[in-house]
Amino acid sequence: MTTSNQALFERAQRVIPGGVNSPVRAFRAVGGTPRFIARAHGAYMWDAEGQRLIDYIGSWGPMILGHGHPAVLEAVQKAALEGFSFGAPTEREVELAEAIIALVPSIEQVRLVSSGTEAGMSAIRLARGATGRSKIIKFEGCYHGHADALLVKAGSGLATFGHPTSAGVPAEVVQHTLVLEYNNLEQIEAAFAAHGAEIACVMIEPIAGNMNFVRAQVPFVQRIHALCKQHGALFVFDEVMTGFRVALGSAQSLYAQAIPGFAPDISVFGKVIGGGMPLAAFGTTREIMKHLAPLGPVYQAGTLSGNPVATACGLATLTEIAKPGFYEALAAKTQSLVAGLTRAAQAADIPFCGDSQGGMFGFFFFDSLPQHYNAVMATDKARFNRFFHGMLDRGVYLAPALYEAGFVSAAHTEADIAATVAAAAEAFADLHKAAP
C-alpha cells in the first residue's frame, strides 16, 4: 500500500512544525510538496509514490559512497548487534579519531560529537576559552549550525556587529559576533584594525555550501591566516560539508597546496565522517585541546558522543574513500555533470555557470560565479525554482533551494550523469520557451 507525498505532508503538518524536522525540506523556497522518501540504494531514492529519483543531495553530503554501500552496511549491522550506546568509552572512538588525525595534518587531537551544530559551537567556545577573548568573526552566507551566537546577519556598516536572524536569540547574545562579506579583503582588514586584540577567532566555510557553491579565494584565506597569526586569534575551518568530500585531506589540504605553511588552527567536521549517521568532530593541536574538559575549564559533553554504531559507519566510510583513485574518479564524475549541465544550458541560450571540487558542486542562473552572498542573492531564483521542478518531474532530485550545494557519490554512474544532463536539456528548453 502506497501513500501519496501530499497525504503524508498533510499528516506531518498536524504533528511536526511545517511538516518537517529541518526547514529546507519543506520546499518553501521552491514551492510544491516535499517528497517523502521510502528507501534508497546506490545513487537512487524512491519516494512514497514509488518514483525513482537520481539523488544529488546525498543526505546533504554524507553519502559519498552512495546509499547502502555493502562494507558500510556490514560494519553498522555488526556494531548494532554489539550494542547501540554505552555512555562509556569504546575502542572504535579511538580508531575513528586516529583515522581523522592521520588524514588531516593540522589536527593532533579530536573530540567526537553528534552534529555539526555541536561541533561548531564547541569550536567557538574552545577558541574563546583558549584565547580569553570574546569577539568572533563569521561571514555572511556561511552557515555553522544553529547555535545562538552564529545565527546572525550583517550589520549596516563596514565591519559592524551583526544582529539576530532568529527569534529567540537576544541581541546581547550576538553582540560579540562580527559579520563580514565573504571574499572581502577590505572588511577583514578593517575588522582586525578595529578589534584585533579582542578577536578570539575567525570562522569560515572554505567552500561555502549554504549559498550554493562559493569558494573562498586563496588571497582571502591567506590574508585571514596572516591576520590571525599577527593578532593572536584562531582561524577556524568549518569543514562539516567540505571535510573528506572535496578531497581526502579536506578543503584545507587544497589551500595548503596554494599557501606555503598554511593550516587552520581549529577544524570542524561532520557529514562524511559519520557516513550518514549522526556524528561530527572538532580538532586542533594538543596545546589548544588542553583547555577542553576534563583537562581544562572549557566544558563540552554529550551522552551520544562517539556512539558505537555511528563510529562504525564513519570508520567504514573513511576506509573506502581512502582507497587509491577514489577521489580522482569522484571528481571526474562531478566535473562531467557540471560540464554537461553547462553545455545544455548554453544550447538553450540560458545564462548559467557552475563549479565543483571533488564530489561537491553548485550552479547558478547567472553569467559568472558569485563571490559572496549578495551576489548569490542577485541570481535568478525564479528560473532556478522552475528548473528544480522540471528536473524533479524527470526523476532528478536536486537541493530544493537556490542556496544549497549538490553532491555526487561514488555510486553515480556515467549513465546517471548522462540521464541527468538529458533531463536538464529538456528542462532548459522549457525555460527558454517560457522566457519573456
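Which side chain does glutamate 426 meet in a salt bridge? The partner is arginine 394, at 2.8 Å from N to O; a salt bridge here is a side-chain nitrogen of Lys or Arg within 4 Å of a carboxyl oxygen of Asp or Glu. Glutamate 426 sits in helix H13 (residues 414-434) and arginine 394 in the loop between helix H12 (381-393) and strand S17 (396-397), so the pair ties together parts 32 residues apart in sequence. Helices (H or I, at least four residues) and strands (E, at least two) are DSSP runs, numbered from the N terminus. The model is a predicted one, in which local features need pLDDT of at least 70 and side-chain atom pairs count only at pLDDT 80 or more, while totals for chains, interfaces and linings use all residues. Residues are numbered from 1 along each chain as its sequence is written, and side-chain values use heavy atoms, with hydrogens and water left out.

Across the whole structure, the search turns up 13 salt bridges. One of them links aspartate 265 and lysine 229 (3.2 Å, N to O). Aspartate 265 belongs to the loop between H7 and strand S13 (266-269) and lysine 229 to helix H6 (residues 218-231), so this pair ties together parts 36 residues apart in sequence. With a relative accessible area of 12%, aspartate 265 is buried (under 20%; exposed is over 50% and partly exposed in between, with a 1.4 Å probe and protein chains only).

As for helix H7 (residues 250-258), serine 250 is found there and counts as buried at 0% relative accessibility. Beyond its neighbours within four places in sequence, serine 250 has contacts (heavy atoms within 4.5 Å) that include Val104, Glu239 and Phe269.
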